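Dear colleague,

Please find below the structure I am handing over to you, with its sequence.

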Amino acid sequence: MTGHRDEWAPLLADLERRRTAARAMGGPERLAKVRRAGRLDARARVAELLDPGSFTELGTLAGDGSTPADAFVAGSGLVDGRPVLVGVEDFTVAGGSIGTAGATKRARLAALARQERVPLVFVLEGAGHRATNALAVHRPAPNDLQALAELAGLVPTAVVVSGPSAGHGALAAPLADYVVLVEGDGSLFTAGPPLVKASLGEVVTKEELGGAAVHAEASGLVDEVAPDVHRALGAVRRWLSYLPPNAWENPRSVPGPDTGERLLDRVLDVVPPNPRQPYDMHLLLEELVDAGSLLEVQARHGRSLITALARLGGRPVAVIANQPDVLAGAIDVAAAEKGARFVERAAAFHLPLVQLADNPGVLAGSASERAGILRAAARLFAAQHRAPVPKLHVTVRKAFGFGSSVMGQNAFGGQTVSLAFPGAMLGGIPAAVGGATSGADAETREALVANEAAGPWRLAASATYDEVVDPRELRNALLAGLRLARPVARPEPVVHTGYLP
């Protein structure tokens, strides 16, 4: 039999030449500059995100030959042994801009994520659509933003913002479930400083326009701020560990050294029984959950409400807790909107919801009303009420008015368990204020205050609460609730029913 190796040789040599050119990214000089600055190039970012040796590239030869991989490194790999899809803008090639082939790769990744039901991760550092796209003749096709919008609630999506990201590329962030921004390097904006100056006459830096102070604190677009790209990619890996690969599967429990029952002895030192005295709810949460498992989301935004992923008995849970150290735990617009988004995402991926209430209500006042507190609080209330997951409620010290309802203290709210600490107060309005504003006589006002001070006993007597627990027993009570809670054996994903990134 005559072999054909000689005939294949030029074709294979041409393939290898093209592959080598595509993988060269911006070339030796640009890559050397990147490395001297202590930064990771696009392919190094892929390697750091994924399990070693697991990357399989998609679209290596995309582009016109002058833009290696068309400035977008894409493909699949593993994170903790589970498949994910990943796309990284290559800032060393055409500024990481989106060419026509790169746009096709982005849409292809998002379509594959839905088809194969696996998470999708983008790393953004690019200038948006490439200006020369207008000179190319191409047939209109679905774009990646359309495909990303359709992924909401179906597969986990994450974005790392490692540098300036503008226009179309930046829009991947608000469509994602989880956004990590590299402080000092990352920024997001609809248009960069030159365009802002040209169109509005406003002179502003990238950081002032769309850095951490803007999006992690003010707008709430960014979930976590990382000091460098290494820790940003590590944050995405950690976040994915709490979630199932898609909405058709349940989160997986993780065995560990702190998954059993234990008493929370420190809680009596951390939580003062006086409801007017502030304390840091983080200290209670760190005692409550499995050691080292608390992952706060949007820590810098809406700070009177803590939203976090954690594990209880090895099982991933979503935690929403008032923060008495900020606004006495009152829920303002930023906190309510943050909480609603968090609950909707947690429910989409079947995470049990742990609700710890310690608030004087939703934030009152003319500024709060003008900001839209009623609408925002109603959205949080609806999100937690509609969440088809196990709900475990705890009234820590107080929960007044709508502040109790948005935190899940509602009859017929679908709670698996509803608990209170001794001394916990629940009511439509604090008794002293309610008595005074209603014009009640002295005897009635005294009775109202005495009733409030009596704590949760009356509500426990009517079975409004399932149990009043010793604070030290809280972990064990919640573990019992999780044992009772049914897993969603064959979950049906909730698609486009109020889920808003």
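In β7, Val180 is the bridge partner of Val160. This pair belongs to the parallel pairing of strand β5 (residues 157-161) with strand β7 (residues 178-182), which runs over four bridges. Please note that the model is a predicted one.

Both strands belong to an open sheet of seven strands, ordered β1-β2-β3-β4-β5-β7-β9, with mixed pairing. At its edges lie β1 (56-58) and β9 (224-226), each of which pairs on one side only. On average, and ignoring direction, neighbouring strands of this sheet are turned by 20° against each other.

Helix α10 (residues 229-241) packs on the sheet, where it touches β2 (72-79), β3 (82-89), β4 (120-124), β5, β7 and β9. The direction of α10 makes about 165° with that of β7. The 13 residues of α10, at 1.5 Å a residue, should span 18 Å; the end C-alpha atoms of the helix are 19 Å apart, which agrees. Asp228 caps the N-terminal end of α10, with a side-chain oxygen 3.1 Å from the backbone nitrogen of His230. Among the buried residues of α10 are Val229, Ala232, Leu233, Arg237 and Trp239.

As for the whole protein chain, it has 20 helices and 17 strands. Of its 501 residues, 53% are buried. Among contacts between residues at least 6 apart in sequence, 75% join residues at least 24 apart. The chain exposes about 22500 Å², of which carbon and sulfur atoms supply 57%.

With kind regards

Technical notes
Residues numbered from 1 in each chain as written. Predicted model: local features only at pLDDT ≥ 70, side-chain atom pairs only at ≥ 80, totals over all residues. Heavy atoms only, no water. Pairing = 2+ DSSP bridges. Helix = DSSP H or I, 4+ residues; strand = E, 2+ residues; numbered from the N terminus. Axes fitted to C-alpha atoms, helices over the stretch in contact; angles between N-to-C directions. Contact = heavy atoms within 4.5 Å. Expected span 1.5 Å × (residues − 1). Buried < 20%, exposed > 50% of the residue type's maximum accessible area, 1.4 Å probe, protein only. Polar contact = N/O pair within 3.5 Å; in protein donor to acceptor, adjacent residues only side chain to side chain. Areas by Shrake-Rupley, 256 points an atom, 1.4 Å probe, with all protein chains shown as cover.
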